[in-house]
Amino acid sequence: MTDFIHISLSFPTVIFTFLLVVVIAYWLAVITGLFELEDDAAWLGFGGVPAGVALSIFVALAWLLCLIGATVTSGGLLVTVPFAALVVAWLAVRTLLKPLRALFPQGETRSRSEFVGQMCVIRTGTATPDFGQAEVTAADGSSAVVQVRTTGADRLSRGEHALIFDYDKDGEFFLVMPYESEH
């Protein structure tokens, strides 16, 4: 056990030991609700998987490979161990994460645009050009409460039906107008 601790806290493994401690702290923060898994790790070449998941697997694998490399290597080759660990870990994580991409749905922007043209029901006391929420049902039957705004002098009351006709990406809300059903 003392050899394990000694190798974990000596060069070159100590670099990845520190990063592994950061990963553990990150996951504790995720578990307690301080962070959420919403980032896409496309900038690492691991697109379609949250960055927290991709980086955690990458760091853990690089640490393990560096630990093994430091155990079996000595002398001048020891300097190459962290670089080799990074390259092998990156290649392995790219391969490992391909099947995981299916588990993580692609961004909300696509689903938000699907709401345009749908009917919704106002859920706040009123919906105005400055404030409002409505419940909308997607094509797959799931429902969502979304931020809505009216145009002009329109004011919609709780329970009224409205038609979503546009999405404002900057404000992250839908534009709605009164909807009269034929019933």
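Two strands are taken to pair if DSSP finds at least two bridges between them, and strands themselves (E, at least two residues), like helices (H or I, at least four residues), are DSSP runs numbered from the N terminus. The structure is a predicted model, in which local features need pLDDT of at least 70 and side-chain atom pairs count only at pLDDT 80 or more, while totals for chains, interfaces and linings use all residues. Residues are numbered from 1 along each chain as its sequence is written, and side-chain values use heavy atoms, with hydrogens and water left out.

The secondary structure of the protein consists of five helices and seven strands, arranged along the sequence as α-α-α-α-α-β-β-β-β-β-β-β. Of the 183 residues, 32% are buried (under 20% relative accessible area, with a 1.4 Å probe and protein chains only; exposed is over 50%, and partly exposed lies in between). The accessible surface amounts to about 11,400 Å², and carbon and sulfur atoms contribute 63% of this area (Shrake-Rupley method, 1.4 Å probe). Among contacts (heavy atoms within 4.5 Å) with a separation of 6 or more, 53% link residues 24 or more positions apart.

Five strands form a closed barrel in the order 1-3-4-7-6, with mixed pairing. Neighbouring strands of this sheet are turned by 55° against each other on average, direction ignored, where axes are lines fitted to C-alpha atoms. Strand 1 (residues 119–122) runs antiparallel to strand 6, to which three bridges join it; here Met119 lies opposite Leu163 of strand 6. Strand 6 (residues 161–168) in turn pairs with strand 7 in the antiparallel sense over six bridges, and Ala162 is placed opposite Pro178 of strand 7.

On its other pairing, strand 7 (residues 173–178) meets strand 4 in the parallel sense over three bridges. Within this pair, Val148 stands opposite Phe174 of strand 7. Gln147 also belongs to strand 4, which spans residues 143–150. Gln147 counts as partly exposed because its relative accessibility is 29%. The C-alpha atom of Gln147 is separated by 9.8 Å from that of Ile122, which lies 25 residues away along the chain.

Definitions and conventions:
Axes fitted to C-alpha atoms, helices over the stretch in contact; angles between N-to-C directions.
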